[in-house]
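Student: Please walk me through some helices and strands. I would like to learn how to read them.

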Amino acid sequence: MRKLLLLLSIWLGGLAVATAQTKEVTGKVTDNAGAPVPYATIQIKGSKVTSIADADGNFAIRAAAGDILVITSSGVTKREVPVQNAVSGWNIVVTRVSQNLSEVVVTTALGIRRQARDLGYATTQIKTAQLNQAAVVNPATGLAAKVSGVDIRLADNGVNPQVKVTFRGSRSIEGDNAALVVVDGVPVDQTYLPNINPADIQDVTVLKGSNAAALYGMAASNGVMVISTKKGKGKFSLNYSNTVSVESISYFPPFQSEYSGYGGEPTGAWPNPPGGAGSLIYYVNPYTGLPNTVPFENEDYGNAYNSNDFRPDSIPIGINANGQWIFVPYKAVPNGRKDFFQKGIGDQNKLSASMANSWGGLYISGEHTTKQGVVPKDTYSRTGGRINGNLNFGRFSASGGVSYNNTTTDIAGNSYNQYRPVYFDVLNQLPSTDLKSVKNTNLFQNDQGFVNAYFPNPWWQVNNSRAKNSTNQLVSNLQLNYKLTGWLSITARGGYSRSSTSAPAYIDSINFPAFLANLSPGTFQWGTDSYNPGSQAYESEDIKDHYWDANGDAFLTFNKEVNQFKFTVLAGGNYRERSSYGYWASNQVTEGPYLGQNFIPSGYTKVAAPTAANPDAAYAIYTYKRYDQSVYADATVGYDNWVFLHGSFRNDWTSILDPHDRSFSYPSVDASAVLSDKIEALKASPVSFLKVRIGYAGTGNVSLDGYKTMGVMGNIAAGTAAGGFSAQIPNYGAYAIYPITTTGAGFPYGSGPTSYTQSLTAVQTGLKPEHTQSLETGFELGLFKNRINLEATYYNQVSNNQTIPLQTSQASGISTFVTNAGKVNNSGIELDLHLTPLIRVSGFRFDLDANFAYQNSKVINIAGGSALLDQINYGTTSLGGIYAIAGKAYPQILATDFYRDPQGHIIVNGTTGLPSQNPNPVDMGNANYKYFFGITPRFSYKGVTLSAVFDYRGGAKILNEEGNVFDFAGASTSDAANRQAFIIPNSVINVGTASKPSYVNNTNVPVTSANGGNSSALYWWTDVYSEIGAPYVTSAAFIKLREIALSYELPKQWLGTQPVIRDVNVSLIGRNLFMWKPKTNIWSDPEFSTNATGNAVGYTTEFQTPPTRILSATISATIF
Amino acid sequence: MYIIKNKRSLSLLFGAVLILMSCTKKLNTNQVDPNGLAISSLTGKDVFAQALNATVTNKLGTNISSFPSDNYDYATEWMGYFSRNSGYSASGIGAHIEIYALSFSDANGNWQSLYHNIYDYNFVMGNSTANSILPGASRVMRAMIFEDLTDQFGNIPYSQAAQPNASITPAYDSAAAIYKDLVAQVDSAITEISASQSTADDASDIMFKGSKSLWLAFANTIKLRLLLRQVPNVLSANSSYVSGELSNVAGQGGFLGAGQDATINPGYVDASEEQNPFWGDYGYEPGSTSGYQNFNYFGANSTILDTLLATSDPRVGFFFNPASGNTYLGNALGSPLVGASQLGKGLLQSPSQAALLFSASQSFFMQAEAVQRGMMSGNAAMLFRQGVEESFRYLGLANPVSAADAFIAGSADPGVNLAVSGNPISTILNQKWVAECGLDGLEAYNDYRRTGYPAIYAPNAANVPQQRLLYPETEFTLNSANVNAQNEATQAATAIPLFWAQ
């Protein structure tokens, strides 16, 4: 790669010398604001000699003194300029006229800037102001609800949440459906997106369809997000901005506050004080047979707080350092659990400098952002800088940039044993627990700090279980351009990015007080090893990964007008090399008495390979490489500036497929016509602009597993999905077609030979890429002098040859066979409406943008119609799972349920009143949203601007798994409802036979319990209800007020005549202030998704923190 | 045109494209994962040792201490060798064994591990030096495992099995046809082994170290097992097929003889996960005398213990340790009333002992039965005696030959002494059963279903061993059309006898 760049630069240098002798006029066309006018036509008056300016307005034309240059371009007034002498660096200023939608210049594939008017496919551009209006930290979140067909899905509200960006639904059953991210012409790993300083972004162009993106080849079947960062412009200026934000919990599910702790303890007694000679407290009241309060429980099935069965004054929660008992009042504490969460303070400081002259420009920026989470001690920080430069030197121009950032998150890790997150452990405390009062865990004598025999005090967890991620990323690009003639130029571009991550995590060891272990031998045992109650060993893990990506393009661009035809042709090649290296080491002590005491390192400690002293350590290293190369060509022919025909072709070769199958091509063709320019009748009507377009494209997707999973401790900070149990490093699908053997169990034995066994996975010989055929058609309509603009698009995509790891009969010798099978159809409608302005009355202006999308992904078949393999599971819990099912929308939620009659009533046993579980999971609906509706109103009056973003999503279901956690623990309000023996509402009893059922309403058979007495609530919720998923599936619909921003530009006269401060802007911003959702969904934010990066969207868990809102204030000033 | 002047630039551009294309080499360097070895970089010798070790581990247990983890554990319990000890409760497969009702899911592991093992032997056969011993040896091993599969499940995927590129949903073949082909497979293996030469690949043979004569003897013994299994219920002892197949055994290396146990040892040592698999399952943790869970979980079954005590069998102290006060205690299956005798020094010899795949004792007992039934000529009484002698030797009794001879001669029990027995087949199979205690429950289970010997279950008893295992649950979800063609989708199918059974 480096050699190639060197050669290219030598070659370009040589050309510069060779052609410098020719006399020519070179210059730049700009508008009156100084912005370049791309693709202006420069013609010598009275001759056929023409030249077309490039994307940056630069042109070169052979002309003699005295010739007159005629400059024309859409959206500007025609200008004629006489040539005095042959000059260079000439700046020709033209005047802009009011623009309509299609005269916007957008960045298309390969970073080529084109007029939207010429394009036969939909593109949308988001400018920096729209992106940054709510002072987002993660640029992807600033896009939400602003563009039709773009689904931005936030995994959770942690300090550094994962964001999944998909365009136009899902195409691949097992492969990646996330859009390709391209920064300044160079593809980068998706993990780079959240770490870009949003203030550095000039604009984001969304190439939603494969028609737009086909030129990117295999990576582009999911669309492309083209990010252009800022370049220097105008005279030297500095900009500084500061944003301070406060994040707080906006929604917390309702808790019951009536009942105290009890979890089915036997009739035994608990000595009070423990180990002492005091009176005995019975788990179950020996006189009434009813449960008493058990203070060390996590389940709330005990006595009502308003009863007197337990000591009314206080209950013990632990022993202090002096051996005295700590008591708390015997009553529920309002918000005792919710108030564990804090207000998270954020601070963003950004400084940038920009300047440009006719030689070039320079943009330099730096930022430092810090954030606290709503979980105490969770922190995030990002420090980064960027330098972008561009240089114009006659026919030669160069631009490039380098950015670097460090992003560090440090968050509470999971708890011991079950690797539960903080939220789970908050939920599992008793209603009488005021978590704020037990913040100082040092008060307690024991390490655990709180008496709960099952789950730790969350304060212990935030202090003693930590997970960290520190990522350094460097992204750089360099582009060299040389104009061979007025109409032919050559471009070479190189990109290099690298990322390195260190993600250590640890959970401290614990020695539980003996009294806990001895409460009831055999009942309350600690640790994973049932023979060692009383101790929990130290665990730690370290994950490191590095990856880098080098990418080079070289292409020729040809722009020429011949008579009424305008030709734009591009042809070139690409080479890309990616590599990753990952390292994982873990130190888990799981056996042996008190082994945890042998080494109690403090904090994050490196872990080495296993040693004799520490045989429980584990250690692994992975390394991956992938090479790709391509050739491509792209041509547009315009006729009379109103009909355009465009086609592109790309051929890719990739190292990850077999030599016979590694070459594949992507053709695309589209056409558009600006009817309003040609149809005379329209000119008299309100229609000011009308364009129709249609296109076809074929793209591919090599969807071999793209990540290697490392780690076991569920280090959420390590960079994967919340609730995941590991970190992932990119493997780019490398080596997947030749599964490696594993060393035979136990080999080598002693000093014996090593020997291997074949993989349980085999791959079909001649595996091919997935192939997507996409058809897209639409129109763009401007009314009333383009004050109303409407864009509409319909698309239909069919993806064949899905790459699927089929489960095989074990008699085939293996368990998984990776093969081409399956077909997905994905179609939809997108509408974008712009009212600019809707109202303009004496300084008051109201603009409104609205967008709507309908999208439907459907699995046509999986294994060629074979019934036994028509269902792919993305992971199952006892409640249900997310599936791809032939004939159904993709993906689909299946959940466990009770047996029901045809009307949906729960069928119960006529004697016990209990229902039974249906072993076959029930189809509950699709998990991807089908309807998207965004409205972004904007008011302005003099210097004041008020803007907002409303977001509706609907047509999907969600499985709220955390609801089960509430119900199991007896913490939810639904639990409180059914404490006594009760009749299941709307239940029926079968009075017929099994084969000829006959159902009657159950009016008299209550749920009786195996536990006897009135403790049936415990039995019902923990033994019957907890395995059932259907009640936790709700509509995932929501409306959010995503952004609201009030900003005020200080009047210039306030700044006086001082030369330093040019303008000052202050703003107040709210993010996610309000969320409306159906009453049935009492649990969380339905946008959340446990698996943010994969395809298994549609379920939330306790691994996400509760929904939050953010309020912030920004001040920014431009200096000079 | 202007561009003509720039021919040089065009040629340079194409030059650049050529440079790009020259990177094609890199596209080729990326086929194999550096994180491990691709199968393409291995040959049969790199897999054979693992395959042998996996075969014996599947038979004897795994190196992970857990409750019933041995694929044939059900047979070990049903044949009255081991039973759950007091102080433990059975759950899952362990509980199903005790009620003689293994479910569909209980067979998943057994099925998967045996077929994956065959898949590895297929690789060795297809990727070894042609004249080495490995292809023939693998063919014998494969035949033995297919026989074990069909002896447990009946009809199984055979002709299409373990070839994922040909079929991921292999069809089932009839058990009788499989048996016929397996004998032919052993015959061709014998031809291959006879023609083989000593090569460097012999080093991977952790069973017979490349010995042609031992592999031939083992192949003949497996062939005898295949034929004997079909006698008397399918084949008559003196059929021309049987006599034809056995006619030139002597000329082709005979059967496994005295001292010729087929044992496998990849280099077991007393370290975690590196112990002999039987020891790792039922023995002690490395470097200690603290038993694994299975050591504590299992004790002597009263069926075998009562037999050993009633016949004053000197091997009792080698199979089991005295429970307390020098008395031996056993539990009936599923009724753990006492702290029963734990496994003894004859079974748990050492963590580094070679793992027993097939004993010389079994070879002699099979020959004795074959002679007794008239399948071949010989001295049944002598072969029977040698079977007992070899059992004594394996278990480590002092002066095994004289001790065994004295034990037989001194006994008036028809289950021990052929001379006083009115039913020689019963006596042979009874002593074969004793010799196989803890070492080969599956073979004893096969003999029991074929002949009714040893008669350890009362006629019409309520709880008797199943006639077969149910096909694994995974077949019903992943190969449903083929498995459903067998019409064995209910628990009642466990009562259908195999084609060679009584």
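Tutor: Start with cover. Buried means under 20% relative accessible area, exposed over 50%, partly exposed in between (1.4 Å probe, protein chains only). Helix α4 of chain B is mostly covered, with 15 of its 16 residues buried. Helices (H or I, at least four residues) and strands (E, at least two) are DSSP runs, numbered from the N terminus. This is a predicted model: local features need pLDDT of at least 70, side-chain atom pairs count only at pLDDT 80 or more, and totals for chains, interfaces and linings use all residues. Residues are numbered from 1 along each chain as its sequence is written, chains are lettered from A and ligands numbered from 1 in the order in which they are written, and side-chain values use heavy atoms, without hydrogens and water.

Student: Which strands pair with β58(A)?

Tutor: Two strands pair if DSSP finds at least two bridges between them. β53(A), residues 944-954, pairs antiparallel with β58(A), residues 1038-1049, over 10 bridges. There, A:T945 partners A:S1047. β59(A), residues 1061-1076, also runs antiparallel to β58(A), joined by 10 bridges. Here A:E1043 partners A:R1071.

Student: What ipTM does the predictor give the complex?

Tutor: The ipTM is 0.92, and the pTM is 0.83.
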